[in-house]
Amino acid sequence: MHDVVTGLVSDPGAPCWARSAVGIVVAAICWFGFLGARASYRRHVAGRRGAARLTGAGVAVGVLGGLALTWIGFSLAFPG
């Protein structure tokens, strides 16, 4: 995963604003993932195990999907 983000942010064919935008998008995805994981943990502590599992699965799919869409979009916009 680190190599993917490094490749996106350091792509010499992309303009500076695009590399900065990728960094901001990745940081936002990670932040929302943290918030979702925290919500899942709170549901787990409250004894709502099923809701915690569902929230955790949603967070995992959302974070991975967001990163994949960012990678695909950047790759299509600025082919190597």
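Is Thr 55 buried or exposed? Thr 55 is buried, with a relative accessible area of 19%. Buried means under 20% relative accessible area, exposed over 50%, and partly exposed in between (1.4 Å probe, protein chains only).

This is a predicted model, in which local features need pLDDT of at least 70, side-chain atom pairs count only at pLDDT 80 or more, and totals for chains, interfaces and linings use all residues. Residues are numbered from 1 along each chain as its sequence is written, and side-chain values use heavy atoms, with hydrogens and water left out.

**Confidence**

pLDDT is the predictor's confidence in each residue, from 0 to 100. Its mean for the protein chain is 83. Of the residues, 84% reach 70 or more. Helix α1 (residues 2-9) has the lowest mean pLDDT among the elements, 58. The highest, 89, belongs to α3.

**Architecture**

The protein chain has 3 helices and 0 strands. Their order from the N terminus is α-α-α. Helices (H or I, at least four residues) and strands (E, at least two) are DSSP runs, numbered from the N terminus.

Just after α2, Gly 47 takes a positive phi of about 90 degrees.

**Burial and core**

Buried residues make up 22% of the 80 residues in the protein chain. In α2 they are Ala 18, Val 22, Val 26, Ile 29, Gly 33, Gly 36 and Ser 40. In α3 they are Ala 52, Thr 55, Val 63, Gly 66, Leu 67, Thr 70 and Phe 74.

A nonpolar core is a set of buried Ala, Val, Leu, Ile, Met, Phe, Trp, Tyr and Cys residues joined through side-chain atoms within 4.5 Å. The largest one here has 9 residues: Ala 14, Ala 18, Val 22, Val 26, Ile 29, Val 63, Leu 67, Phe 74 and Phe 78. Both α2 (16-45) and α3 (49-77) supply at least two residues of this core. The largest share, 4 residues, comes from α2.

Leu 67, a core member, is found in helix α3. Its relative accessible area is 14%, so Leu 67 counts as buried. The C-alpha atoms of Leu 67 and Val 25 are separated by 8.5 Å, although the two are 42 residues apart along the chain.

**Around Thr 55**

Thr 55 lies in helix α3. Contact means heavy atoms within 4.5 Å. Leaving aside neighbours within four places in sequence, Thr 55 is in contact with Gly 36, Ser 40 and Arg 43. Its side chain makes a polar contact with the side chain of Arg 43 (3.1 Å). A polar contact is a pair of N or O atoms within 3.5 Å; within protein, one must be able to donate a hydrogen and the other to accept it, and residues adjacent in sequence count only if both atoms are side-chain atoms.

Tyr 41 lies in helix α2. Tyr 41 is exposed, with a relative accessible area of 56%. Its C-alpha atom is 8.5 Å from that of Gly 56, 15 residues apart along the chain.

Among contacts with a separation of 6 or more, 58% join residues 24 or more positions apart.
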